[in-house]
Structure formats: C-alpha cells, structure tokens
Amino acid sequence: MCSRIVRGVIDATVAARSDIADSVLSELIDAYDLEDVRERRYLADGLMNANWKLDTPVGQFALKRVTDVSLERLQRNLRVLAALAADGVPVSAPVPTASGSLVAQVGGGAWCLFPWVAGSHVRGVDLSPALVSALGAHLGRLHVSLSRACGRGLLPGVPETIIADITSPERAVEKAERLSVAVRDKGTGSDFDQAAAAALDHRKALIFKHADHRPRSTTPQGDHGWTHGDVQYRNLLWEDGALAAVLDWDRIAVRPYAEEVVRTAQVQFGVGGVFDLARVSAFVGGYRSVVPLDPSALVDGARRLWWKRMTDFWQLEFHYDRGDFSFDELFTADEALLHWWTDRLDQVEDAFAAG
C-alpha cells in the first residue's frame, strides 16, 4: 500500500459507502497538496453524501464526496461560500485544488475539501431559548448575504415570481397505493414493513379527510430569494455557545423565505412526534429581527409544508424503490409528527405567527 495512504481507518465497521479506495485517496492527496493522510475518520452524521475527517501534515480537513448534486451546481454553490464568509456568515470556504478548482473529480466522483471546524451537532430542542433565537437571526443574515451574492453576480438573478407545486389528493393517494403494493411485493414482513403498510392506509384516509385544508394558491405568500435548502442540526456546528459553521451547501436554490424558515423550524423543533412551539416562536422571532417577514407568509408557509408532508412518501420511495434503508427512522419520526401536527394545525400556525 502506498506509504502516504492512511495508516489506520477508524470505524471500520461502517457501511461500504464509508470506504475510499487507496488509489483515489492517493490522487486526492496530490490534487490538494496534502503530502500525506495520517488518519481518516468517516463521519456518520451525513445522510446523503459521505464525509471524512482527515489528519494531514498541513492541517485537519473535512473531505466530502458529493453524490446527489450535479457538478455544475456544486461548483456554482461552492463559489458563493467565500463571499458569505466575508459577510460574517459562519461558513467554511472550500480549499481549492492545486489547479485552482473547488471540486476534485477523482475515481468517478466529485470531492470537496474544507478546513476542519471544531464543534458539535446539537438538536434544536437541546438549544437554550437564547440560542434558538440566535439561530433564527443567523438564518436571516444568511438570506441577506445570499441576496448580496446574487447582486454581485455570484448567483443567477431571482425570478419575479415563483410557482409552488401543490400535490392533489388524488395524486397523493395514487402514490400511497403504489407504495402499498411495493410493501406487499418487496417487503419481508418486518416490523418496518408492517408499520409502513399501516401508515399508508392511515395516510390515505387522512388525505381525503383533510383535503379541504390544503393550500389553494400556487403562489406562496411573502418574499423569495436564494436559500440554503437544508438547515438542520446535522448541518450546524456549535462551539462554546455560538454557531461555528453552517455546512452542506449543495441545495442552494431560490425558494420562498417562509418555506426555509418553516422547514428549518420543523426539522429543528419537531422532535419526538411533537413540535416545541415555544422554540418555534423564539426561532421565528430571531429571524424576523433581521428579515421582517410578514406573519401571514409564515402561516402560509406552515400550511404548505404540512400538506407537503401529508402527501409525500420520499423515505418509503428510498426504501422500496431504491433498496436504501437509510431514512427508515426519519419516516417513523415524521409520521408521528404529522399526526400530532394535523390535530393541532391552528396551534402550530399561531406559533409561527407569534414569532
């Protein structure tokens, strides 16, 4: 084995996606002028892409293999990070290769390298109220900074209007019925299969029962612009009571600001099958201290996300269509939250309006 290749791999029992071929690692060492990799550690927190911590003679780095974003979009998004960092947004700007590229194409994959940032992933419900409010303000400043990056030509212009897809009850039930067949044909009778089959039957009834509460307009309320796309605890690092870094910029896109605020609140504070509504309001209040988004836009965003969760089955599609079981626990958790949320639509929307 090449002497520059890692001398020991930590967490050797992780799934095959955690492996880097020696030949690929050797090429990455050359591409980034790392001299050597003394140790690498697979980081299991990521769900879509694969990440490692590298210890090298020239410093510690986070290495990321991107698998679910086009090369063109990845390069565009990475170019924005230096401008965000200069604006005071806590991001880790990518390290360029020796040839000046922000993406190394090695071994048939796309790779990015970042300086290592110390910190911990903290669930939203474990943040103090003050930090919850601070996180909302961080998201507001992030949106403002992305808008500036757009103004500087680092991102394409924002369209005057955007159209939101609203899944019809009939289309949602068709998806549920198709997946019910997949559970029967591809399942093994496991506990998850039984839970999925029961959830699909229940969901079909819920969809028809609450169809009149779905959003009607295809035009979301409130302003829209460039957004991060996945602000959740696995993509946030906290250190010494402060936000140290916002990670994973693969999904930058134009969205309603309310959509990102509401989604962030859901994944941060919708834990254990319930919403922490006090934290939701504190988070929204922090955001609105920077971006004065109208409460009606947030209520609209909350209703749209609720209906999206009601009519979406993406975790089951991964399980039964792709044979990827990585998101099974997310389905179970999201299903519990959906039922709690559906029973308390007004309470949840009041919490977003109160921020």
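Trainee: Why are H5 and H9 called oblique to each other?

Mentor: H5 (residues 191-209) and H9 (residues 314-322) pack at an angle of about 130 degrees, with their axes 12 Å apart. Angles under 35 degrees count as roughly parallel, over 145 as roughly antiparallel, 65 to 115 as roughly perpendicular and the rest as oblique. H5 and H9 therefore count as oblique. The axes are lines fitted to C-alpha atoms, for helices over the stretch in contact, and angles run from 0 to 180 degrees between N-to-C directions.

Trainee: On what kind of model does this rest, and how are residues numbered?

Mentor: The model is predicted: local features need pLDDT of at least 70, side-chain atom pairs count only at pLDDT 80 or more, and totals for chains, interfaces and linings use all residues. Residues are numbered from 1 along each chain as its sequence is written, and side-chain values use heavy atoms, with hydrogens and water left out. Helices (H or I, at least four residues) and strands (E, at least two) are DSSP runs, numbered from the N terminus.

Trainee: What is the handedness of the crossing of H5 and H9, and which residues make the contact?

Mentor: The crossing is left-handed; that word applies if the near helix is turned anticlockwise from the far one by less than a right angle, and right-handed if clockwise. Phe-192, Asp-193, Ala-196 and Leu-200 of H5 meet Leu-316, His-319 and Tyr-320 of H9, contact being heavy atoms within 4.5 Å. These residues divide into 5 nonpolar, 1 polar and 1 charged. Ala, Val, Leu, Ile, Met, Phe, Trp, Tyr, Cys and Pro count as nonpolar, Asp, Glu, Lys and Arg as charged, and the others, Gly among them, as polar.

Trainee: What makes H4 roughly antiparallel to H5?

Mentor: The axes of H4 (residues 169-186) and H5 come within 10 Å and cross at roughly 165 degrees. That angle makes H4 roughly antiparallel to H5. The crossing of H4 and H5 is left-handed, and their contact has 11 nonpolar, 1 polar and 4 charged residues.

Trainee: How do you know whether Glu-335 is buried or exposed?

Mentor: Buried means under 20% relative accessible area, exposed over 50%, and partly exposed in between (1.4 Å probe, protein chains only). Glu-335 stands at 7% relative accessibility, so the residue counts as buried. Glu-335 lies in helix H10 (residues 328-343).

Trainee: What makes the pairing of Glu-335 and Arg-203 a polar contact?

Mentor: Their side chains lie 2.5 Å apart in this contact. A polar contact is a pair of N or O atoms within 3.5 Å; within protein, one must be able to donate a hydrogen and the other to accept it, and residues adjacent in sequence count only if both atoms are side-chain atoms. Not counting residues up to four places away in sequence, Glu-335 touches Ala-199 and Arg-203.

Trainee: Why is Arg-73 called partly exposed?

Mentor: The relative accessibility of Arg-73 is 35%, so Arg-73 counts as partly exposed. Arg-73 lies in helix H2 (residues 71-86). Leaving aside neighbours within four places in sequence, Arg-73 is in contact with Asp-250, Ile-252 and Ala-253.

Trainee: Why is Asp-33 called exposed?

Mentor: Asp-33 has a relative accessible area of 51%, so the residue is exposed. Asp-33 is found in the loop between H1 and S2, and its phi is near 55 degrees, a positive value in a residue other than glycine.
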